[in-house]
Amino acid sequence: MIRKILAFSIALIFIFPIFFLITSSFKNNIDLFSIPPKLFLFDIDFSAYERVFGFSKLLKFDPSYGELYLTSRILDSLIVGIGSSSLTLIIGIYAGYYISRANFKYKNFLIMSILSARMMPLISIAIPLYFVYEKINLLDTYVGLILIHTFINLPLAVLLLKSFFDEVPKQIDENAFIDGASKIKILHKLIIPCAKGGIAVTFILSIIFSWTEFICALMIGQMKIKTIPIQASIMKTIPSWDMMAAFTTISIIPVFIMILAVRKHFVRGLTLGTVKE
Amino acid sequence: MAAQKSYSLPSFMNSDSSLPWLLPLITMLIVFAIIPFFYNIYLSFHEFVPAKRALLFVGWDNWIRLFTDGVFWGSLKVSLYYTFMCLLIQLVLGMGIALLIDSDDPGFGIIRSILTLTLVIPPAIAGMIFLIMEDANYGLIPWLLKSVGLIGPEDTILADPTLALWGVMIVDIWQWTPFMVLILVAGLRSLPSEPFESAVIDGARPFQVFRRLTLPMLHKVIAVAILIRGIDLWRMVDYVFVLTSGGPGTATYTLSLYSWQRFTFVQWGYGATISLFSLIVILIVGNAFIHFAKVKW
């Protein structure tokens with residue numbers, strides 16, 4: 001019993017900042033800046049949400065305070081996230097399946113290269129890429145950001161999918177091969193349906209890691225494209241805590257829903273397929 | 001029969017057609033890892049000269065500047081300190097919490113679900129939450145510390161040269177301790193129960209069981225957790241960017257942030273040199289760790 005109480009109080013400490021953020025988005029400026037801070041007893045106020053998304057202008061025709069129209073920022077994050085995850089998945093499925101099944105000469109070298117790609121400080125990719133993108137006009141485009149996020153997620157996707165494909169019995173491949181099916185057909189018709197769950201998990205984790213990525217999104221996106229973390233860091237300069245809290249609350253709810261859907265495989269994703277839960 | 005006998009799995013997969021399967025992956029690795037790596041080397045021997053508005057060859061200047069630059073050494077120290085301290089604290093705290101919630105009870109399952117939540121918050125946004133909570137005038141944490149008397153009434157966290165780094169580290173520890181907890185719990189849950197039962201029968205004390213049984217059996221899981229967390233700590237830039245932007249002064253510059261900051265000051269060559277240094281360090285240390293800790297994929 002003591003153990004349970006202790007465990008729950010630790011969980012409360014970890015969830016407290018999230019609680020603090022969400023409640024801050026509903027506080028008015030008086031409660032937000034009160035000392036001692038008001039945690040529970042405050043007047044609920046939705047004006048921050050109205051201002052962040054520009055609703056108040058539509059509803060009240062009142063241009064008296066700053067409006068931000070941040071819906072397009074969330075759209076940017078969604079386009080980049082879904083685009084890069086789809087591309088990651090396509091590349092990852094074929095590579096992951098091949099690495100899972102085949103024994104080739106440079107297999108260990110390839111896996112070490114994939115891990116080394118995971119190690120790269122993102123700034124050391126972003127600086128050279130900035131100049132390359134500038135030359136080929138990919139700076140500040142969705143395609144440019146989708147490509148770099150695909151690269152960032154590839155080590156995770158390839159190694160995680162490999163570990164899911166490893167769990168599909170090799171007997172299936174062998175039998176189908178004896179029956180005369182081609183390798184590509186075996187993958188499409190037999191292996192992918194068997195590993196559906198793992199593929200869905202990889203897709204969702206890729207979206208999450210694209211959603212949270214910062215430094216590449218900062219350098220490749222310039223004026224037109226700003227993903228959510230970039231917009232949040234810009235809002236630091238606007239001294240309006242309630243708007244910042246409202247925007248960030250909205251932006252973390254989709255990831256919370258996604259992660260609770262794949263919670264069982266999350267540890268496996270974090271450890272690139274090595275630790276299973 | 002003969003055809004079946006000659007068939008074996010490796011040979012059919014080992015056919016000469018490996019390229020189509022791996023080509024997209026290898027292309028991505030070349031375009032986004034190999035080319036930037038060599039471009040970085042190229043940049044580290046060049047620098048943008050404002051007077052001529054061009055990138056000119058400067059020989060070893062950037063590297064000489066790197067090793068004589070006090071701010072660089074400071075940021076290297078910050079990166080090392082940040083990586084080791086966070087890793088140590090997260091590992092110890094994570095192990096403690098993992099041992100606490102390692103149980104079949106469904107209540108602890110809920111706790112594990114709660115702990116996943118911090119991990120998916122974009123680090124920049126986690127930084128923003130703590131920016132509010134650590135605000136010098138209206139923040140919750142300074143208010144708490146002041147009322148307990150740990151810091152004086154005029155003290156701040158993020159503007160204080162000695163406390164600022166801890167103000168950043170607390171965010172990392174908050175967000176990523178659950179990472180260690182979840183991985184270690186998964187490891188603990190997968191251990192067989194027989195050795196532990198017989199150890200208890202033999203009268204081993206809990207600490208002995210932990211030292212002699214749990215730790216060695218978790219060796220692989222711990223190694224993977226340290227590797228991945230270490231990589232991410234070394235390249236961390238989001239928190240300092242949001243919370244302190246490297247300040248006060250240069251007290252919280254990490255290598256990545258310093259590199260980015262030089263880049264924005266149009267010292268492209270020097271910025272690239274710093275990032276290349278950081279890259280080489282992590283490639284050597286990371287691959288050596290994988291080799292010596294015998295982490296297998």
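In chain A, 73% of the contacts with a separation of 6 or more join residues 24 or more positions apart. Contact here means C-beta atoms, placed from the backbone, within 7 Å.

A word on the source. This is a predicted model: local features need pLDDT of at least 70, side-chain atom pairs count only at pLDDT 80 or more, and totals for chains, interfaces and linings use all residues. Residues are numbered from 1 along each chain as its sequence is written, and chains are lettered from A and ligands numbered from 1 in the order in which they are written.

Chain A first. Its secondary structure is 15 helices and zero strands. These are DSSP runs, numbered from the N terminus: H or I of at least four residues for helices, E of at least two for strands. The C-alpha atoms fill a box of roughly 75 × 65 × 35 Å along the principal axes. Of the 277 residues in chain A, 49% are buried. Buried means 20 or more other C-beta atoms within 10 Å of the residue's own, with C-beta atoms placed from the backbone.

Now the domains. Chain A has domain 1 (2-43) and domain 2 (80-270), with bounds from an automatic or database domain assignment. Their C-alpha centres lie 33 Å apart. Seven residues of domain 1 of chain A contact six of domain 2 of chain A. On the domain 1 side, helix 1 (2-25) and helix 2 (29-32) of chain A each give two or more residues. Helix 1 of chain A has the largest share, four residues.

Last, chain B. Helix 10 (residues 194-201) of chain B has eight residues and zero buried, so it lies largely in the open. Just after helix 10 of chain B, G203(B) takes a positive phi of about 85 degrees.

How values were computed
Contact = placed C-beta atoms within 7 Å. Buried ≥ 20, exposed ≤ 12 C-beta atoms within 10 Å, placed from the backbone.
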